[in-house]
Amino acid sequence: MSDCIFCKIANGEIPSDFLYEDENVVAFKDLNPQAPVHVLVVPKAHHDNIIDGVPADTLASMAAAAKAVAEQTGVDKTGFRSIMNTGADAGQTVMHLHMHVLGGVKLGEGLLPKEA
């Protein structure tokens, strides 16, 4: 999609510092972090969401990226959350499949970090 911000970032049209990249996905820090570690894992190919016929190799790359990001940031030792929102009612604001990797603080049972 020519007007998709995540397509432009994932394919290098908009510069970004990637924490991870392979042939299918990239990972970069969220501009509006909800936790000390908040990284987005974004496929290079456009898919609206997780139920949009995403190829298995792309899903495998997303899992590999989450693992690599967790190891790089140290949250693999303390715990982290991975979230993929589907649709506006779920909080998806960019209609390009992406996974949030959140950690670096006790997240509790809710979806966002607890206020201190």
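Which residues form a nonpolar patch on the surface? They are Ile-50, Ile-51, Leu-59 and Met-84, with about 340 Å² of accessible area together. The model is predicted.

**Surface patch**
- Ile-50, a member of the patch, sits in the loop between β3 (37-43) and α2 (56-73).
- With a relative accessible area of 32%, Ile-50 is partly exposed.

**Helix α2**
- The 18 residues of α2 reach 26 Å from the first C-alpha to the last, close to the 26 Å expected at 1.5 Å a residue.
- Its buried residues are Thr-58, Ser-61, Met-62, Ala-65, Ala-66, Ala-68, Val-69 and Ala-70.
- The cover over the buried residues of α2 includes the strands β1 (20-21), β2 (25-29), β3, β4 (80-83) and β5 (99-103), as well as α3 (75-78).

**Aromatic pairs**
- Two aromatic pairs are found in a search of the whole structure.
- Phe-6 and Phe-28 make an edge-to-face pair, at 6.0 Å centre to centre and 75 degrees between the planes.
- This pair links distant parts of the chain, 22 residues apart: Phe-6 is in helix α1 (residues 5-10) and Phe-28 in strand β2.
- The pair of Phe-18 and Phe-28 is tilted, because the ring centres are 6.4 Å apart and the planes are at 45 degrees.
- Phe-18 lies in the loop between α1 and β1, 10 residues from Phe-28 in strand β2.
- Phe-28 is buried, with a relative accessible area of 5%, and Phe-6 is buried, whereas Phe-18 is partly exposed at 28%.
- Ring pairs join Phe-6, Phe-18 and Phe-28 into a cluster.

How values were computed
Residues numbered from 1 in each chain as written. Predicted model: local features only at pLDDT ≥ 70, side-chain atom pairs only at ≥ 80, totals over all residues. Heavy atoms only, no water. Patch = residues over 30% accessible without salt bridge, like charges linked within 9 Å, V, L, I, M, F, W, Y side chains within 5 Å. Areas by Shrake-Rupley, 256 points an atom, 1.4 Å probe, with all protein chains shown as cover. Salt bridge = Lys/Arg side-chain N within 4 Å of Asp/Glu carboxyl O. Helix = DSSP H or I, 4+ residues; strand = E, 2+ residues; numbered from the N terminus. Buried < 20%, exposed > 50% of the residue type's maximum accessible area, 1.4 Å probe, protein only. Expected span 1.5 Å × (residues − 1). Contact = heavy atoms within 4.5 Å. Phe/Tyr/Trp six-rings, centres within 6.5 Å; stacked < 30°, edge-to-face > 60°.
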